[in-house]
Amino acid sequence: MNERKAKDVIDVFEMAEKISVSRPPLPEGLLPSYLKTIDWIYQLSRKGRVRVSDLADAMKLTRPGITRNCNAMEKMGLIRKKASSSDRRIVYVELSEEGKASYHRYV
């Protein structure tokens, strides 16, 4: 890495720190990983319905891992899950009103 690129990397880290400090504090229980999931659901839902498997693929997480994450987020009222009427193995996720508010406030 040359000197200019090294300085650019340092600048990016400094900007990220400033952004992180300026973000409002997260309420208890709202983890940064949930915000990442909320962001992905929001982005993917712009193209249509979001399946748990779509979310796992986009986030490069295992399906059991994203399912655990979604279950916790559903209990918090951030998302809603709904099984497909034609194939009960397919589960769709969408942001609840609380999830949308969290997206707009924190993401």
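Colleague: I would like to start with Met-59. Where is the place of Met-59?

Modeller: Met-59 sits in helix α3. Keep in mind as we go that this is a predicted model.

Colleague: Is Met-59 buried or exposed?

Modeller: A residue counts as buried when its relative accessible area is under 20%. Met-59 has a relative accessible area of 11%, so it is buried. Across the protein, buried residues make up 25% of the 107 residues.

Colleague: Which residues is Met-59 in contact with, leaving aside neighbours within four places in sequence?

Modeller: Contact means heavy atoms within 4.5 Å. With those neighbours set aside, Met-59 touches Lys-36, Thr-37, Trp-40 and Ile-66. Ile-19 gives another reference point: Met-59 and Ile-19 are 40 residues apart in sequence, and their C-alpha atoms are 22 Å apart in space.

Colleague: Let us step back to the whole chain. How many helices and strands does the protein have?

Modeller: The secondary structure comes to 5 helices and 3 strands. Read from the N terminus, the order of the elements is α-α-β-α-α-β-β-α. The protein is more spread out than a compact globule, because its radius of gyration is 17 Å, well over the 13 Å that the globule rule gives for 107 residues. Taken along the principal axes, the C-alpha atoms fill a box of roughly 60 × 30 × 25 Å.

Colleague: And what share of the contacts with a separation of 6 or more comes from residues 24 or more positions apart?

Modeller: Such residues account for 46% of those contacts.

Colleague: Now to pockets. How does one find empty space in a model?

Modeller: The idea is to roll a probe the size of a water molecule over the atoms, which shows where empty space is left. In this structure, the largest pocket has a volume of about 180 Å³.

Colleague: Which residues line the largest pocket?

Modeller: The lining consists of Arg-51, Val-52, Ser-53, Arg-63, Thr-67, Cys-70, Asn-71, Lys-81, Arg-89, Ile-90 and Val-91. Sorted by class, that lining has 4 nonpolar, 3 polar and 4 charged residues.

Colleague: Which helix gives the most to the lining?

Modeller: That is α4, with 4 residues. Both α3 (52-59) and α4 (63-75) supply at least two lining residues each, and α3 is also the helix that holds Met-59.

Colleague: Some of those lining residues are charged. How should I read a salt bridge, and how many does the structure hold?

Modeller: Look for a side-chain nitrogen of Lys or Arg within 4 Å of a carboxyl oxygen of Asp or Glu. The structure holds 8 salt bridges. Arg-51, from the pocket lining, pairs with Asp-54, their closest N and O atoms being 2.7 Å apart. Asp-54 is partly exposed, with a relative accessible area of 23%, and Arg-51 is partly exposed at 33%.

Colleague: Lys-81 is in the lining too. Which side chain meets Lys-81 in a salt bridge?

Modeller: Glu-74 does, at 4.0 Å from N to O. Lys-81 is partly exposed, with a relative accessible area of 26%, and Glu-74 is partly exposed with 33%.

Colleague: Where do Glu-97 and Lys-100 lie?

Modeller: Both belong to helix α5 (residues 97-106), 3 residues apart, about one turn of the helix. Glu-97 is exposed, with a relative accessible area of 56%, whereas Lys-100 counts as partly exposed at 35%.

Key: Residues numbered from 1 in each chain as written. Predicted model: local features only at pLDDT ≥ 70, side-chain atom pairs only at ≥ 80, totals over all residues. Heavy atoms only, no water. 1 Å grid on protein atoms, 1.4 Å probe; cavity = no way out; pocket = protein on both sides within 12 Å on 5 of 7 lines; lining within 4 Å. Points joined across faces, edges and corners; volume = space filled by probe spheres on them. Nonpolar A, V, L, I, M, F, W, Y, C, P; charged D, E, K, R; others polar. Buried < 20%, exposed > 50% of the residue type's maximum accessible area, 1.4 Å probe, protein only. Rg over C-alpha atoms; globule rule 2.2 N^0.38 Å.
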